[in-house]
Amino acid sequence: MTGLLVTGIGVVAPTGVGVEAHWSSLLRGEPAIRPIEGFDTEQYGVTLAGQVRDFDPKEFVAPQLMVQTDRWTWTSLAAATLAAQDAGYEAPEDAYATSVFLAAGSGGNEFSQHEIQGLWAKGPKSVGAYQSIAWFYAASTGQLSIRDGYKGPSGVVVSEGAGGLDSIGWARRVARRGTPAVLVGGTEAGVTPYALLCQATSGRLSTATRPEDAYKPFDRRANGHVIGEGGAILLLEEPGAARARGAQHVWGEVAGYGATHDAHHHEDPAPDATQYARAIRIALADAGITPDDVDLVLADGAGLPELDALELEALQRVFGGRATPVPVTAPSSWTGRLMAGGSALNVATALLAIRDGIVPGTAHLDDPVDAPGVDLVQQSRVQDVRTVVVLARGFGGFNSSLVLRRHQPEGTS
Amino acid sequence: MSADRRRVVITGIGVVAPGSMGREGFWDMITAGRTATRRITFFDPSRFRSQVAAEVDFDGRKLGLTAHEVHRNDRFVQMAMVAADEAVADSGLTLGAGGADDAPDPDRVGVTLGSAVGATMRLENEYVAVSDAGTHWLVDPRYASRFLHQALVPSCGATELAVRFGAHGPATVVSTGCTSGIDAVGYGAQLIEDGDADVVIAGASDAPISPISMACFDTIRATTANNADPEHASKPFDARRDGFVMGEGAAVLVLEELGHARQRGAEVYCEVSGYANRCNAFHMTGLRPDGIEMAEAIGLALDQGRIDPDEVGYVNAHGSGTKQNDRHETAAVKRSLGPAAQQVSMSSIKSMVGHSLGAIGSIEIAATALAVKRGVVPPTANYGVPDPECDLDYVPNTAREQKVDVALSVGSGFGGFQSAIVLASPTRRTA
């Protein structure tokens, strides 16, 4: 049975606004991780981030809506607009036929910090009318549903970095129960003073000041990650519905999904990769494929030695028996980790790799760790890509895995 | 749905609710029609428009949490842990370390935890510390807790539950505002239906009684200004209602695949027969009086369970006590149940335990499951003056003994979310 089809992609990321801008930035290896702009970072011990530049929210969000919403929601609304444009999707007559099922991570940070500041500095009356709808984790999903008139079963999942993939997993349940089109993915806007402070307490952020020294997944000098903002929103459609409306372009097919939890410790990594490997195996079985069928893996790429080693262990457990090592790349190294938005963006990147037969390399992977059975991709390469596994982890032990497959129109093989 | 659909039952219930202790304390309280709303004690509310809330006298240490657990977790996570402990104990399942021979496969145990606003209380308290009570815009990181990443991203709540019970199945936090507690249970049921888990620890928790939350509802006048009479401030469906009363709390349900529950001889509260969610795509906080989308969700949830409207004996209402909600919801129930709406018992326990945002959906499911199991319908407290626009049977002030084969619990939230879940007695006769 054919899975849901990806018929539209909208990207708002440090690598650019729009799917093609993102792709060309990745392939050119442009430095999207740079010194943080917008506030003084001296106190935080962290100076770098992947910020979304060249983004004018006014192009996507009406002025009266802008004042009610956080930058997080602006990027979500923009990414959704771009995805719908890419798909040529217009809200069908049946408003219940479209759902919005996004991942969220940290909510409307900048907006909320401003309001809390006002409350404590000046008193309750300084809190504006929109705090109640701008900050909470469902804000972007709700605003998108309202703006575009989508009344289908909608939801918001939070599983930190795994969220982008999990939103697709939940969208499949929605589709299975009869809703033919679902907007999935998510964006994030946590490069703000208080959100940076919060993320820094995890002890997982690199304190390096030069981008080439900072976020280096699978490198011997891996020392943490760099945060980022933005993400991607994608339109998934049931194949019959996509055909019926005459969808012009199919990016690929969602072939399988699996999720597990380490259930080991509230913050320490799992003792081994048992559950991470299991998430991958569930997704492969769900797709009805074997490890040999996989052309490429987009790794989570945590950028901490212990977490990188666990990911390589999971990959070796699943793919170690192959005749040729499985190619593995970590494109997040170019943008920073965008929390829920990051795994959604990796889905977009995987579909671009399928379309063009190009695998983007991993940034700053100068001195790779030993990775038997795994082919770590340092430089972009040309390679036929039919089937991709996208992996994502969330802080605390969430493991998610998604299988994407090149779409074969009916009657071809 | 095919005939061989995997069915989902509730086999354990745990509750942390205002004014009571545990599941039985909660049930005794709501069936006695006692209210837990009071003048806010967590902070000095005198500068706020709404100064009333339903607070939980909660001490995690006294309820079995370790000092570490209390230290690292926001109140919403702590309450979820306590509710989950009670639910799992109630289910008789041995989960986590040292499980018995008949314990479920840990890989087949999932977690779906709802929360509308996550660790908002801790985020605010820590912000106050690092900004010296808002006097410095640039924060001073040296004063921060080292557990703030967990506070920023509420998925920590699902992690704590997964770790606590060794649950290696799918886990997530569900955050759809005030329908989070229904949606989390609905998603949990879908995990079981779809064969991805046999047992799901599903519930919701919220702890929003803090200055920022009170202030943001003050400005839009969503909360009550009835500060003179806190015990009677929450007046769902009454003509004098003037807004909701903020609450807090948690409820966790153990969801189990029917065959799994039968095999181990588990006591079953009820079956989760249907769940549906729709959006109104209208307004972030406003509701049209017609209730069309909520009615759509109710109708779909009933269809899934192949239940006719006249089989519904009890509707556990969202009943927040705002002017627009109670009118909207009354219309939705009339629209979806048709003539049967005139016979149905419908009540809002928010009259007693307040509105704990995302948590309340699961707390209301707990109340509804207990109503089905025990044949008692909790009342709507503080009901005195009928509103011509709210003209159904709201079970005024006194609990009602009534055999309930099928019950409905509904919710409506900021963002336009409308959710409905159907619970049915396992002994209900089906065609």
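Tutor: Domain bounds come from an automatic or database domain assignment. Keep in mind that this is a predicted model, where local features need pLDDT of at least 70, side-chain atom pairs count only at pLDDT 80 or more, and totals for chains, interfaces and linings use all residues. Residues are numbered from 1 along each chain as its sequence is written, and chains are lettered from A in the order in which they are written.

Student: Which domains does the assignment give for chain B?

Tutor: For chain B the assignment gives domain 1 (8–263) and domain 2 (274–421). Their C-alpha centres lie 21 Å apart. Residues are in contact if their C-beta atoms, placed from the backbone, lie within 7 Å. On that basis, 61 residues of domain 1 of chain B and 56 residues of domain 2 of chain B take part in the contact.

Student: Which element gives the most to the side of domain 1 of chain B that touches domain 2 of chain B?

Tutor: Helices (H or I, at least four residues) and strands (E, at least two) are DSSP runs, numbered from the N terminus. Helix 7 of chain B gives the most to that side, with 8 residues.

Student: How do I read strand pairing?

Tutor: Strands of a sheet pair through backbone hydrogen bonds, either parallel or antiparallel. Here, two strands pair if DSSP finds at least two bridges between them. Strand 6 (residues 155–158) of chain A and strand 5 of chain B run antiparallel, joined by 2 bridges, and A:Val157 stands opposite B:Val174.

Student: What is the strand order in the open sheet of 3 strands in chain A?

Tutor: The order is 3-4-8, with mixed pairing. Strand 3 (33–35) and strand 8 of chain A are at the edges with a single partner strand each, so one side of each has no neighbour in the sheet. Strand 3 of chain A pairs with strand 4 (residues 48–50) of chain A in the antiparallel sense over 3 bridges, and A:Arg34 stands opposite A:Ala49.

Student: Is helix 8 of chain A mostly covered or uncovered?

Tutor: A residue is buried if 20 or more other C-beta atoms lie within 10 Å of its own, exposed if 12 or fewer, and partly exposed in between, with C-beta atoms placed from the backbone. Helix 8 (residues 193–200) of chain A is mostly covered, with 8 of its 8 residues buried, including A:Tyr194 and A:Cys198. What covers them includes helix 4 (109–122) and strand 8 (227–228) of chain A, together with helix 4 (120–130) and helix 5 (148–152) of chain B.

Conventions:
Two residues are in contact if their C-beta atoms, placed from the backbone, lie within 7 Å.
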